[in-house]
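Have a look at the model before reading on.

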Amino acid sequence: MDIIRLCRNPSHGTAWHDVCSIIGHHFPSARAGAMDKLKILIAEDNSFSRKFYDTYISETVFTKQFAVNGFEALEIYGNWKPDIVLLDLMMPVMSGQEVLQNIREVRKDLATTIIVSSLSSHRDDVATCARYGVQGYLVKPLNPKEISRILLDLYVKANPRKAAEIEPLLQQL
């Protein structure tokens, strides 16, 4: 990361220019500038809701992976390292609250943006999720025209240092 910052404006013919050219050529994702896409893990057991998310969460902004239960969500999370986890609370095998607790307390990950999407607006559910540091709590049903922008806005709010990188993605919506 430090090398990339140093390489943003290297002079032609310098050693740094050559290194940056090699990095940019062999590792295009290492180039400075905007993010390509955000990785979002959608943990949702309901097939209708999964279809909704697959249809209405922008493919130009997000790379999506789906989990149908909490255990599968943790497996994908561990292997894929998503930028955002969109988490249903009521899932089989392991609940969304258990997934949330595992990510925050067991894995000690406070950086991943976690957004809960649930039919429940019960005060206890919201309070429990707030204690575990979720960045958003969305109550279903969700507006299909606004879901991608809401997810991006919550991500930027949770990661203000990445706002400049996210701006081009916001413009694609």
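Helices and strands here are DSSP runs, at least four residues (H or I) for a helix and at least two (E) for a strand, numbered from the N terminus. With that in hand, Pro141 sits in the loop between β5 (136-139) and α7 (147-158). Bear in mind that this is a predicted model.

Lys140 is found in that β5-α7 loop too. Is Lys140 buried or exposed? Lys140 counts as buried, because its relative accessibility is 14% and the cut-off for buried is under 20%. Pro141, on the other hand, has 77% relative accessibility, so it counts as exposed.

| Loop residue | Relative accessibility | Class |

What does the side chain of Lys140 make a polar contact with? That would be the side chain of Glu44, at 2.6 Å. Skipping neighbours within four places in sequence, Lys140 is also in contact with Ser49, Tyr53, Asp88, Ser117, Ser118 and Leu119. Ser49 comes up again for Pro141: the two are 92 residues apart in sequence, yet their C-alpha atoms are 9.3 Å apart in space.

Now for the wider fold. The chain has eight helices and five strands, and reading along the sequence gives α-α-β-α-β-α-β-α-β-α-β-α-α. The five strands form an open sheet in the order β2-β1-β3-β4-β5, with parallel pairing. Since β2 (62-67) and β5 stand at the edges with a single partner strand each, one side of each is left without a neighbour in the sheet. On average, neighbouring strands are turned by 20° against each other, direction ignored.

Inside the sheet, β3 and β4 pair in the parallel sense over four bridges, and Leu87 has Val116 in β4 as its bridge partner. Helix α7 lies across β1 (38-43), β2, β3, β4 and β5, and runs at about 140° to β4.

Helix α5 (residues 96-106) is worth a look as well. Its buried residues are Gly96, Val99, Leu100, Asn102, Ile103 and Arg104. They pack against α4 (70-80), β3 (84-87), β4 (113-118) and α6 (123-131). After α5 comes Lys108, with a positive phi near 55°.

As for totals, 43% of the chain's 173 residues count as buried. Of the contacts between residues at least 6 apart in sequence, 59% join residues at least 24 apart. The chain exposes about 10100 Å², with carbon and sulfur atoms supplying 54% of it.

Terms used. Residues are numbered from 1 along each chain as its sequence is written. This is a predicted model: local features need pLDDT of at least 70, side-chain atom pairs count only at pLDDT 80 or more; totals for chains, interfaces and linings use all residues. Side-chain values use heavy atoms; hydrogens and water are left out. Buried means under 20% relative accessible area, exposed over 50%, partly exposed in between (1.4 Å probe, protein chains only). Contact means heavy atoms within 4.5 Å. A polar contact is a pair of N or O atoms within 3.5 Å; within protein, one must be able to donate a hydrogen and the other to accept it, and residues adjacent in sequence count only if both atoms are side-chain atoms. Accessible areas come from the Shrake-Rupley method with a 1.4 Å probe; for residues, only the protein chains shown count as cover. Two strands pair if DSSP finds at least two bridges between them. Axes are lines fitted to C-alpha atoms, for helices over the stretch in contact, and angles run from 0 to 180 degrees between N-to-C directions.
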